[in-house]
Amino acid sequence: MKTVGGHGLQCAARIFQLVERQGIVLLDPQRNRQLHLAYPEAAVWDLLIRRWPATTMRSMLAVIAGIGEDEADRLIAVCLDRWRTEGWLEPGAAP
């Protein structure tokens, strides 16, 4: 399992990712589905999978996306909620 930093979530075991020029594509062969993540959502996914601590993720995303840290927190929360609801992320032990 791929645990993501500081959020108690992990990438669902069946999910594969492809990094492309325009973002990241998540593949779920068991459910025959895919999700294309453009930036800045692709950056959120990448920071999660690389297991950065939540505070570091916020700071890095603020710089990457050119937004304030409060807005970065909101973006992270929206992404996590969506991906958890859609089954791309699942509960897991924090590192």
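**Exercise 1. Is Arg-33 buried, partly exposed or exposed, given its relative accessibility of 23%?**

Step 1. Recall the classes: buried means under 20% relative accessible area, exposed means over 50%, and partly exposed lies in between (1.4 Å probe, protein chains only).
Step 2. Because its relative accessibility is 23%, Arg-33 counts as partly exposed.
Step 3. Asp-28 has 0% relative accessibility and therefore counts as buried.
Step 4. Asp-28 and Arg-33 form a salt bridge, with their closest N and O atoms 2.9 Å apart; the term denotes a side-chain nitrogen of Lys or Arg within 4 Å of a carboxyl oxygen of Asp or Glu.

The model is predicted: local features need pLDDT of at least 70, side-chain atom pairs count only at pLDDT 80 or more, and totals for chains, interfaces and linings use all residues. Residues are numbered from 1 along each chain as its sequence is written, and side-chain values use heavy atoms, with hydrogens and water left out.

**Exercise 2. Describe the salt bridges of Arg-58 and of Arg-84.**

Step 1. Arg-58 forms a salt bridge with Glu-69, the closest N and O atoms being 3.4 Å apart.
Step 2. This pair links distant parts of the chain, since Arg-58 lies in helix 2 and Glu-69 in helix 3, 11 residues apart. Helices (H or I, at least four residues) and strands (E, at least two) are DSSP runs, numbered from the N terminus.
Step 3. Arg-58 is partly exposed at 22%, and Glu-69 is partly exposed at 38%.
Step 4. The side chains of Arg-84 and Asp-81 meet in a salt bridge of 3.8 Å, N to O.
Step 5. Both Arg-84 and Asp-81 belong to helix 3 and stand three residues apart, about one turn of the helix. Salt bridges that share partners join Arg-14, Asp-28 and Arg-33 into one network.
Step 6. The search of the whole structure finds seven salt bridges.

**Exercise 3. What span should the 18 residues of helix 3 (residues 69–86) have, and where do its buried residues lie?**

Step 1. The expected span is 1.5 Å times one less than the number of residues.
Step 2. For helix 3 this gives 26 Å, and the end C-alpha atoms are 26 Å apart, which agrees.
Step 3. The buried residues of helix 3 are Ala-72, Leu-75, Ile-76, Cys-79, Leu-80 and Trp-83.
Step 4. These buried residues fall within an arc of 130° seen down the axis, so they line one face of helix 3; the arc is that of the directions from the helix axis to the C-beta atoms.
Step 5. On the other side of helix 3, Asp-70, Arg-74, Val-78 and Thr-85 are exposed.

**Exercise 4. Which residues have the most contacts inside the largest nonpolar core?**

Step 1. A nonpolar core is a set of buried Ala, Val, Leu, Ile, Met, Phe, Trp, Tyr and Cys residues joined through side-chain atoms within 4.5 Å.
Step 2. The largest core has 26 residues, and those with the most contacts inside it are Leu-26, Leu-37, Val-44, Trp-45, Leu-61 and Trp-83.
Step 3. Helix 1 supplies the largest share of this core, seven residues.
Step 4. Leaving aside neighbours within four places in sequence, Trp-83 is in contact (heavy atoms within 4.5 Å) with residues including Leu-35, Leu-37, Val-44 and Trp-45.
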